[in-house]
Amino acid sequence: MIRLTVDGRPVTVDDGATLLDAVRASGSWVPALCAGASLPTGGGCRLCAVRLVDQARPMPACRTAAAPRMVVRTDGDALHRARAQVVRLLLADHPAPCRPPGDPRGECELEALARRLRLPLSQPPATSPSVPIPSVPIPSVPIPSVPIPSVPIPFPPDTSHPALHFHPAACVECGRCIRACGDIQGHHVIGWHGAGITRTLAFSGQKNLADSDCVACGQCLAACPTGALLPALAPVPGMTAIDTICPYCGVGCGITCHVAPERDGHGGETRGRIHAVTSQPGQPANRGRLCVKGRFGLDFVTRPERLTQPLMRRPDAPKPCGPEGFEAVPWDTALERVATTLLDIAQRHGGHAVGGLGSAKCTNEDNYLFQKWLRAGLFSPNVDHCARLCHSSSVAALGAMLGSGAGTNPNTDFLLADAIFLIGTNTLETHPVIATFIRQAHAAGASLVVADPRRIGLAHEATVHLQHRPGSDPWLVAGLAREILNADLADNAFIAAHTEGFEAYRAALLALDMAEVGRVTGVPRAAIRHAAHHLGGAKNLLTAWGMGLTQHVAGTINCAAVAGLALLTGNLGRPGAGVNPLRGQNNVQGASDMGVLPNVLPGYQPVTDSATRARFGAAWGRPLPETPGLTVVEMLRAAADGDLRAMHIMGENPALSDPDLEHVHAGLTRLEFLAVQDVFFTQTCAWADVILPAASVLERAGSVTSTERRVQRTRPVLPPPGAARADGDILAWLLERAQVGGAGSDGNGDAAAVMAEMARLTPLYRGLSARRLERESVCWPCPAPDHPGTPILHAGGPLRGRARFVVPLLTPPAETPDATYPFILTTGRLLEHYQTGTLSRRSAVLDELVPGPWATAHPDTLSQAGVTDGATARISTRRGEMAITLRADPEALPGVIFVPNHFAEAPVNRLIHDQLDPEAKIPEYKCVAAALSGETSGR
């Protein structure tokens, strides 16, 4: 700690603090346009100059390190005159007010500073709230009026980008946007171009934003002190700020939605619109950082295509059909039809004849009530959700090895790691905010090892990129472990104290043929050895993976192998050390926690345990199924076979998301009854008998749980459209109709009551309540109300007692290329879109940035298939074929075709086989034998 004096007041600051930190801690004030919150210091504006009592020349407070016994003065005539003159220069051609009224950032900081210094503006001041500046008396100082010539504005505004606009006239050249883009987000898109009067911002060296590499994260917008950077959608006065959680990926970003009512053209108010989204640096999961989806992609909530009233299929409408095959009905009619039909089928054929899919896009409380409706209301064991398709293999592997299937560390722990291992995760596009922490850690000196068949964004920046063939993960990870053993980098003390099964694991590794590893993976042994030394030699290694690792028939084997690396090197249960499967949707962790899985009740309590069933059965007033049910893929198989007769699907879209879509569609067609509960008319709605319009997560209260196990409160920022209802209220009506006891039994889906019942029955959540979540977010396990939560899992040792090593199994994919299908098809996500596009493709900005699908392959692959870059080609597998535009990617692995999975007009999952991991029952989306040709059949 450093002790010094500022304006006569003693101050204590941390080591490494600047004089600007000390001034702010003292309560004194100095202006600092170039020093934004959470940004590295700039030192360019010279406004924060202060004096030391023993030095004549002023010095920039933001660039001067605090030292013991310094005596600092922030006031004085000369300092004030110098600051005023700098501000006058900046105001010479500043278009005041430069921000529109209602800008959630407040008034332009330069204009606020000018008023603080009693300097005139060229135009009347803005009416938006002023930037908060401590009220400190400023002495009356005569400021000479020096004429400042007017200079013509050299550059016009750039309004080319759908999300962001640049107004050079308002730019004060503080550099905050450059540091936000480079030092915080790691994109390094913004820089200076020209010099003197012609100096301006440039974006990837381009003339305008639209042609640049800008990914529209908006961090520059948040950092800009003036109106130089503005959102394309202008804010309006009178907006209400509402804090909630981003509805997209599993990072769990805290956001503030700024909402204003709008007129309907007839003098009445509509339900309003989200005009802006911001985030504060104090948000625990994201520290104020956002991506393009979170900042600019929430307008889906007010799209006119929203479902606003219950719909029932017309008697003559075929399956499938569009919205024209349905007619609007009252809520009571629709709900009575759903309840009567599902209860009747369950009674006549048994609960196993009914199945349900919950949703990772719905709240914890919604999902808790959904599995309760299936198990207690319909006596069905068949309940699952999309976690089956993304991280069920992670849960199976980590649960068996460590005692919990969840990630171990907070998002920000990447900043504490000495080495980071990413495998099967395109983090820049799937979890872009977490990627900012990874980039910062790497820039600070952490090693970054990326294993991915594609040369993804972070692979370009990595210390080592292991570009292995799809499906060769077991060989690659075993090879890394073998090289760690060879280099004597294993943590023998940790292994002896906290693990079991090491000798069998070690023997299997020593028997590994490294030449075979090279042949199968295509990665030179020298590269594997290089990567192993970085991983094994780190003090703190943090490992993360995504669906590139999990979506294989060997998915559980893959995840166990990667977890084995953490055990081998002793990287578990510490800050900056652990294993983090990055969850894909905003509440996929929470939906799993709530028991929307066929083998466990809430809190991962096995359905086969009689005492657990008895406890839940007593709370719900019903006996529960004693055996696990069917998974997602198994349900649709059973439907096609006629064994599953009815389904209730909440917020899922299996008609586009599941593998082997022809078989899925056959199963949906054969169902006697299908109820779909959603916010839009999805592809799955085409097979529904009844469609129930639901409120989105931005329109109802509840909680969600992020990839770091952080349980956070969601708040409604808008009312639901039309007659749409919260999922919890829909389910409560059904529970009351089925005479199920406990929360929801009175027909009220109150989130606080549901949370209270769930917490009482679920040890992981026992210390949580709606009231507590209003005050704070908490990482589970949280076993008591006074427990602080558990940010780092296994800190006191593995939850199962001793972590179990799993002998590596070298398991190939279910399909391998042959003469007929010589290539490998793999699928994945894009930054701008999300899952099946139900939400993101209804966002104006996101859809304009990426309006349609394409596939990529190496130029040699295109040449081999007789396809030219940019041409429409035919991709075929043993399930069918699909036409799509092909783009040449010289950094792709030869023989590998990548197709994004968001687009209904290019339904790539129709081509994927439905062979499953035998343990986790996850499909193999990442490695399918395929053919490619330049001919299309029109299919």
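How many nonpolar, polar and charged residues does the lining of the second largest pocket have? By class, this lining has 19 nonpolar, nine polar and 10 charged residues, where Ala, Val, Leu, Ile, Met, Phe, Trp, Tyr, Cys and Pro count as nonpolar, Asp, Glu, Lys and Arg as charged, and the others, Gly among them, as polar. The model is a predicted one, in which local features need pLDDT of at least 70 and side-chain atom pairs count only at pLDDT 80 or more, while totals for chains, interfaces and linings use all residues. Residues are numbered from 1 along each chain as its sequence is written, and side-chain values use heavy atoms, with hydrogens and water left out.

**The second largest pocket**

- The second largest pocket holds about 1000 Å³ of space; a pocket is an open set of points on a 1 Å grid over the protein atoms alone, where a 1.4 Å probe fits and protein lies on both sides within 12 Å along at least five of seven lines, and lining residues have an atom within 4 Å of a point.
- Among the 38 residues that line this pocket, V215, E429, L830, E832 and W854 are the closest to its centre.
- Two or more lining residues come from each of helix 10 (427–430), helix 11 (432–443), helix 12 (457–461) and helix 28 (844–849), where helices (H or I, at least four residues) and strands (E, at least two) are DSSP runs numbered from the N terminus.

**Helix packing**

- Helix 22 (residues 632–641) packs against helix 24 (residues 661–670) at an angle of about 60 degrees, with the axes 7 Å apart; axes are lines fitted to C-alpha atoms, for helices over the stretch in contact, and angles run from 0 to 180 degrees between N-to-C directions.
- Helix 22 and helix 24 are therefore oblique to each other, since angles under 35 degrees count as roughly parallel, over 145 as roughly antiparallel, 65 to 115 as roughly perpendicular and the rest as oblique.
- The contact is made by L636, R637, A639, A640 and D641 of helix 22 together with H663, V664, A666, G667, L668 and R670 of helix 24, where contact means heavy atoms within 4.5 Å, and by class it has six nonpolar, two polar and three charged residues.
- Helix 9 (residues 392–402) and helix 19 (residues 555–568) pack at about 45 degrees with their axes 8 Å apart, and these two helices are therefore oblique to each other.
- In this second pair, S393, S394, A396, A397, L398, M401 and L402 of helix 9 meet G555, T556, C559, A560, A563, G564 and L567 of helix 19, and the residues of the contact divide into nine nonpolar, five polar and no charged.
- The axes of helix 13 (residues 473–486) and helix 16 (residues 514–521) come within 9 Å and cross at roughly 145 degrees.
- W475, L476, G479, R482 and E483 in helix 13 meet M514, E516, V517, V520 and T521 in helix 16, a contact that has five nonpolar, two polar and three charged residues.

**Backbone features**

- Most residues other than glycine have a negative phi, and most peptide bonds are trans.
- The peptide bond that joins K319 and P320 is cis, with omega about 0 degrees, and P320 is found in the loop between strand 13 (311–313) and strand 14 (326–328).
- A cis peptide bond also runs from W780 to P781, with omega near 5 degrees, and P781 is found in the loop between strand 30 (778–779) and strand 31 (803–804).
- Q739, a residue other than glycine, has a positive phi near 60 degrees, and its place is in the loop between helix 25 (727–737) and helix 26 (751–761).

How values were computed
Points joined across faces, edges and corners; volume = space filled by probe spheres on them.
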